[in-house]
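Trainee: I'd like to learn how to read a structure like this one. Could you walk me through it?

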Amino acid sequence: MKEGAMQWVQAVPADFNGVPPQPRSGHTAVRVGRSMVVVFGGLVDKKFLSDIVVFDTENNIWFKPECTGNESDGQVGPCPRAFHVAVAIDCHMFIFSGRFGRKRLGDFWMLDTDIWQWTELSGYGDLPPPRDFAAGAAVGNRKIVMHGGWDGTKWLSDVYILDTMSLEWTQLPITGSSPPPRCGHTATMVEKRLLIFGGRGGGGPIMGDLWALKGLFEEENESPAWTQLKLPGQAPAARCGHTITYGGTQLLVFGGHGTAGWLTRYDIYYNDCIILDRASVQWKRLAVSNEPPPARAYHSMTRIGSRFLLFGGYDGKSTFGDIWWLVPEDDPMAKRALLSPRSRLSAVESTVQTQDSASVDVKETKQEHFTPLGEMRMRLGLSTMAASTAELNIVDESSDTELLALASTLVSRDGDKTTERSILVKALRDYWNNSTAVSIRLCELGPLLRDYHRLICQLQGHSLLEPVGFHHESSNSEMQMHRFYHLKNANQLRMSDIPDLLNEYKQLLYLSSVTSSSEPEQGNHIQLIGDCYKFVSNFSDIIGLVENALLHF
């Protein structure tokens, strides 16, 4: 990984030939040989996958090879699965463990990518017990090490070594202290040591510890032993379902799933980039000069030269099918950070709403005030009543009393006593455009969400965004984000939603500013939009007034 800042660039169809993989999480994507990334398995909408999709890095083409070999349950190759271990040695990809439905798997397969032939190796000696969410890595060019996982009743801490020549598994005897049992962690070989980080442990806590295992190479003549590493710097938050990708002298940690909250515990998903710098032996925040992709876990991140390829994942509500590049600032692809407004607002490509998220809509009215933010409002004595209608009531910004009151408070801090509504709105939008997620106060979420709704409607009026919920079935890449458009009020937001909401809002502001500069008469269109929607509900105004009073109490 080069020194200096990196940039995120969302892939576009012109980056590739062929058809990329469908959305999924819990899959694997491993480098095989010099020029292939092999994607296998995964989960989408409770459906387990068994397909192989290959990215040829030299020709920038996705393709599906026609595989032959042993059959499993009437199909060639392994049965569908997710949360398995996949490791490449030379031209061979080895698959072990995983989950299919509620069943933990313990079968063992090898794919020869020279002839695209599957071979089942489950009959060779004693295999490790079935499990999912284990972690594995290649040890040199002959062995594979696997650690931990979940067998359906307990978390595991065992270490197994596979000799790919004899196809024998051996449980590694380890003396001394060991990491707590865990699953959903990562395992990475760094020279002669296996590093494991994070994961979910016994009893359910999510961990952020780092351990090193020695004694994996016979020629080193070392007894296998674990050592916990406590490194200085800005260490990653505790997480599971993340990735660690080798990048020269640095290890890149991205994404993952954790918990947060002080009134009640709730899920949080990450999209941060942290590096373990081997040169300085410390954790560092990777300098990234633009907004990251939506937060996620159980994705894949693969290094291709100086670039990193991110694919898929899950954020608790949606399964992703988008593809992103993380590239150095001097990479020609980095110029795409200055995309046209419509391109910058293109969706998380091929995002699929899962059945779990669909069920939220059914229970929305009954449960929305039981979200962490809703509970916080309730305990602070703020109203948690939902909107009385399924339709969004969108009012022009000049009539949004809560937004104007908040803007007046902001402007008055700078000694400006203006009451010009357009100036107040611009000042508040500029403030939000320069804010970070952690700086957004509870009282700002209601006005922010309504202004997010308002900007989408205004941009749709200019034909710069497609109507919410509309997309071409033939091209998922045209789907718009609008991930929070269906929310009636801020009570339905989760804390982990705030960074993504603010990110989308900033993109909407960018597109709105471009539209304003190209159409001097836009003010007339905005007024027409305000006339087309009903006035915001009284309850929403009351909530805003109470919050503002509480803020200055």
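Mentor: Let's go from the whole chain to a few residues.

Trainee: What should I know about confidence before I start?

Mentor: Keep in mind that this is a predicted model. The chain's mean pLDDT is 80, with 76% of residues at 70 or more. Over residues 381–391, though, pLDDT stays under 50, and the model has 24 contacts there beyond four places in sequence. The stretch 520–553 is also below 50, with 48 contacts beyond near neighbours in sequence.

Trainee: How many helices and strands does the chain have?

Mentor: You'll find 9 helices and 34 strands. Of the 553 residues, 54% count as buried. Then look at contacts with a separation of 6 or more: 61% of them join residues 24 or more positions apart.

Trainee: How do I read an aromatic pair?

Mentor: Check the distance between ring centres, then the angle between planes. The structure holds 20 such pairs. Take Phe16 and Trp62: their centres are 5.9 Å apart and their planes at 70 degrees, and over 60 degrees counts as edge-to-face, so that is what we call this pair.

Trainee: Where do Phe16 and Trp62 lie?

Mentor: Phe16 is in the loop between strands E1 and E2, while Trp62 is in strand E5, so the pair ties together parts 46 residues apart in sequence. Phe16 is buried at 10% relative accessible area, and Trp62 is buried at 4%. Both also belong to an aromatic cluster with Phe55 and Trp325.

Trainee: And what about Phe40 and Trp118?

Mentor: Their ring centres are 5.7 Å apart with planes at 55 degrees, so this pair is tilted. Phe40 sits in strand E3 and Trp118 in strand E14, so the link spans 78 residues of sequence. Phe40 has 0% relative accessible area and is buried; Trp118, at 3%, is buried too.

Trainee: Which charged ends sit over rings?

Mentor: One is Arg239, whose charged end is over the ring of Tyr270, 4.2 Å from its centre. Another is Arg307, placed over the ring of Trp325 at 5.6 Å from the centre.

Trainee: Can we finish with a single residue? Is Gly199 buried or exposed?

Mentor: Compare its relative accessibility with the cut-off: Gly199 has 0%, and buried means under 20%, so Gly199 is buried. Gly199 is part of strand E21, residues 193–201. Setting aside residues up to four places away in sequence, its contacts include Cys183, His185, Met207 and Arg239. His185 is 14 residues from Gly199 in sequence, yet their C-alpha atoms are 3.9 Å apart.

Notes
Residues are numbered from 1 along each chain as its sequence is written. This is a predicted model: local features need pLDDT of at least 70, side-chain atom pairs count only at pLDDT 80 or more; totals for chains, interfaces and linings use all residues. Side-chain values use heavy atoms; hydrogens and water are left out. Helices (H or I, at least four residues) and strands (E, at least two) are DSSP runs, numbered from the N terminus. Buried means under 20% relative accessible area, exposed over 50%, partly exposed in between (1.4 Å probe, protein chains only). Contact means heavy atoms within 4.5 Å. pLDDT is the predictor's confidence in each residue, from 0 to 100. Rings of Phe, Tyr and Trp (its six-membered ring) pair if their centres lie within 6.5 Å; planes under 30 degrees apart count as stacked, over 60 as edge-to-face and the rest as tilted. A charge sits over a ring if NZ of Lys or CZ of Arg is within 6 Å of the ring centre and within 35 degrees of the ring normal.
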